[in-house]
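Thanks, everyone. I have one structure to go through this morning, so let me put it on the screen.

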Protein chains: 2
Amino acid sequence: MQDEDIHAGPARPPGFRRTVPPGDTLERDVCGHCGFVDYRNPKVIVGSVVRAAGLVLLCRRAIEPRRGFWTLPAGYLELGETAEDGARREAREEANADIRLRGLLAVYSIPRIGQVQLIYRAALAGGVAPGPESLEVALLRPDEIPWRDLAFPSVAWALRQDAEVEAGRASGPFGNPDGETGDRFAPGASGL
Amino acid sequence: MQDEDIHAGPARPPGFRRTVPPGDTLERDVCGHCGFVDYRNPKVIVGSVVRAAGLVLLCRRAIEPRRGFWTLPAGYLELGETAEDGARREAREEANADIRLRGLLAVYSIPRIGQVQLIYRAALAGGVAPGPESLEVALLRPDEIPWRDLAFPSVAWALRQDAEVEAGRASGPFGNPDGETGDRFAPGASGL
């Protein structure tokens, strides 16, 4: 859910200069020939906490970063799809899971890597099997969740907040836990 | 809130070809020289429905598209900021308004223009005055909202859904109203 910024690309294309475009307030890379403004903005991650009969779906990553660690089915929203469709697609791609969305669990901001994460609550319909980006997928009891082997801080946030909703102690939607920025993976600091 | 996609840029830079990068599932523009993948993803709009003593804040747009029409304080989330900070910044920029966020009202997807909109509920602290992108700003009673002169469909969605929350009839967060894609501005079709 917090891949390295593979979208950042080259620092500045040749012929571009750093300047504030007309009517704008921030510096951007602007082409000195045609005036094209190379806007860069945060990207949207869509994912879900998928439950079936008290079990929760986790996927063990087959790709870097954090290969071998456990994550939620989640990934980049694509052009032309809705957030909900994107969350369903990611569950299909990473776990061959058909899911029914049950509402928005959380919106997280990870400013250092330019991400906004939209995490839904979902129910599983049918079985699961690893997709190409997963080494394995598992339906786990709450006491089986591998807290020390989760791939990213926001995976832990979502699992904890979803458990609060399941227990009837909160309804969400949640944001980042107080003071957490998702900057680094520090299971100890997250109280895990 | 639904600017034309000024970020789309040139169709395909010279030297790039359309192909599926290794490990990916969709075609992207890939540089034939260095392998750089020009990922394009939806952008995040952040904004708020700002209330003060039963009045709601609207801004009349000084810029295209929809110059002269009324909108919520909202705009593109920038790299390095959280969604909440972005919503506060937009209220400051467009209406010189200091706001206190009161929770997430809605997440809208407008797939045709590649937008995800995060709209918060907010309370106004202090006064308002038009920023450079606003011809005027106004604090309006519910019966004064210019439904036929709203800039974008999602402005109407947010105002209606916020009124539901204010009336205690719903708590949100909401998504797009049923069947609405935000594709076109059709006040009649929206039941306004």
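Arg121(B) is buried, at a relative accessible area of 10%. This is a predicted model, so please keep that in mind throughout. What does Arg121(B) form a salt bridge with? The partner is Glu166(B), and the closest N and O atoms are 2.4 Å apart. The pair joins distant parts of the chain, with Arg121(B) in strand β9, residues 115-125 of chain B, and Glu166(B) in helix α2, residues 153-166 of chain B.

Now the corresponding region in chain A. There, a network of salt bridges links Arg51(A), Arg102(A), Arg121(A), Asp162(A) and Glu166(A). Over all chains, the structure holds 35 salt bridges.

Next, helix α1 of chain A, which covers residues 83-95. Glu93(A) and Arg89(A) both sit in this helix, four residues apart, or about one turn. They form a salt bridge, with the closest N and O atoms at 3.3 Å. Arg89(A) also forms a salt bridge with Glu90(A), and there the closest N and O atoms are 2.9 Å apart. Glu93(A), at 29%, is partly exposed.

In sequence order the pattern is β-β-β-β-β-β-β-α-β-β-β-α. The chain has 192 residues, and 53% of them count as buried. Taking contacts in chain A with a separation of 6 or more, 63% are between residues 24 or more positions apart. The accessible surface of the chain is about 8,500 Å², and carbon and sulfur atoms contribute 49% of that.

Last, the two copies. How is chain B superposed on chain A? A rotation of 180° does it, with 0.0 Å of shift along the axis and an RMSD of 0.0 Å. That is therefore the relation of a two-fold axis. Both copies use the same surface, as 100% of the contact residues of chain B recur in chain A. Which residue of chain B comes closest to the rotation axis? It is Lys43(B), with its C-alpha at 3.2 Å.

That is what I have. Questions are welcome.

Note on methods: Residues are numbered from 1 along each chain as its sequence is written. Chains are lettered from A and ligands numbered from 1 in the order in which they are written. This is a predicted model: local features need pLDDT of at least 70, side-chain atom pairs count only at pLDDT 80 or more; totals for chains, interfaces and linings use all residues. Side-chain values use heavy atoms; hydrogens and water are left out. Helices (H or I, at least four residues) and strands (E, at least two) are DSSP runs, numbered from the N terminus. Buried means under 20% relative accessible area, exposed over 50%, partly exposed in between (1.4 Å probe, protein chains only). Contact means heavy atoms within 4.5 Å. Accessible areas come from the Shrake-Rupley method with a 1.4 Å probe; for residues, only the protein chains shown count as cover. Copies are superposed by least squares on the C-alpha atoms of residues with pLDDT of at least 70 in both. A salt bridge is a side-chain nitrogen of Lys or Arg within 4 Å of a carboxyl oxygen of Asp or Glu.
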